[in-house]
Amino acid sequence: MPSHRKLRAAAVVCAVAVVTGPAPVAAWAATTGSAAAAPSVSAPSPDPFSGLTADEIGDKAVTATRSATSLRMTGRVVTEGQPLDIDFAVNDRDECTGVMKIKGGTAELRKIDRITYMKGDEAFWRVSMASQGMPDAQIDPTVELVKGRWLKIAPGQAGSADLSGVCDLKSLLADLDEDKAERRGLTRGPDAEVDGTPVATLVKKKAEDETTTVSVSQEGKPYILKMVKAGGEEPGAMVLSDYDKPVRVVVPPADETVDLSKLGGGTPA
């Protein structure tokens, strides 16, 4: 399975570490809540993977998942010791829409026509700005400027490159195939279900009680439907769904946006 890789989202005049992409989801582990719960037992028949080894099933799953034109990822990951809840839909046209929650703060993110829009509540902006070392004297007026409004970030502005990775589906899915050795040595566990779909369960155990579990659809294309990692330093669980379904991104009203250039200088969006 792929190695862990962080994506960083930038906001205001500084980068904000807020999201981990879907590709390294196999490095995420179970925490608390239903997302981390073991899948329910199922016994689909006939077995579409009959005669294949666990590694061969993994290969088919990676190939199918990388071919997706869109998907939704929902769950919790841990990055730099902090739990992060995400619910994102992304397509292969660099468009996305979703919500993230970290340290009690919540932010919405949308990207369409190469423009990224981010709207956070006060707790999110304060955590983000403080984590990047913004002086307290600057935080209050900046929060007042962006509170209740969408931050508009154009290509070339501070943080735009980092944010672009959040919506780059092909790049994120390419990581699934970055290190083939990481997905060797899999074993097949009991068949199960994810949201009512029968799945084959692939398991890989590493040192220090770290276990990665990948659920592969047994219906239609062998898409990866869930990835869970128990143990290790960056636990989490993620469900992947809505494969190849349209992603509808709504551009926020102009009177509800504020241009990033008005906060930190640069080219107007």
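At what angle do helix α2 and α3 pack, and how far apart are their axes? Working from a predicted model, I find that α2 (residues 122-131) and α3 pack at an angle of about 140 degrees, with their axes 10 Å apart.

I then turned to α3 itself, which spans residues 136-146, and found I139, T142, V143 and V146 buried. These residues lie on the same side of α3, because they cover an arc of only 105 degrees around the axis. On the other side of α3, I find A137 and E144 exposed. After α3 comes G148, and I record that its phi is positive, near 75 degrees.

My last entry concerns the cysteines, where the count comes to one disulfide. It joins C96 to C167, with an S to S distance of 1.9 Å. The pair links distant parts of the chain, 71 residues apart, with C96 in strand β6 (residues 96-102) and C167 in the loop between α4 (160-164) and α5 (169-174). Are these cysteines buried or exposed? I count C96 as buried because its relative accessibility is 0%, and C167 is likewise buried, with a relative accessible area of 0%.

Definitions and conventions:
Residues numbered from 1 in each chain as written. Predicted model: local features only at pLDDT ≥ 70, side-chain atom pairs only at ≥ 80, totals over all residues. Heavy atoms only, no water. Buried < 20%, exposed > 50% of the residue type's maximum accessible area, 1.4 Å probe, protein only. Helix = DSSP H or I, 4+ residues; strand = E, 2+ residues; numbered from the N terminus. Arc of directions from axis to C-beta. Disulfide = S-S within 2.5 Å. Axes fitted to C-alpha atoms, helices over the stretch in contact; angles between N-to-C directions.
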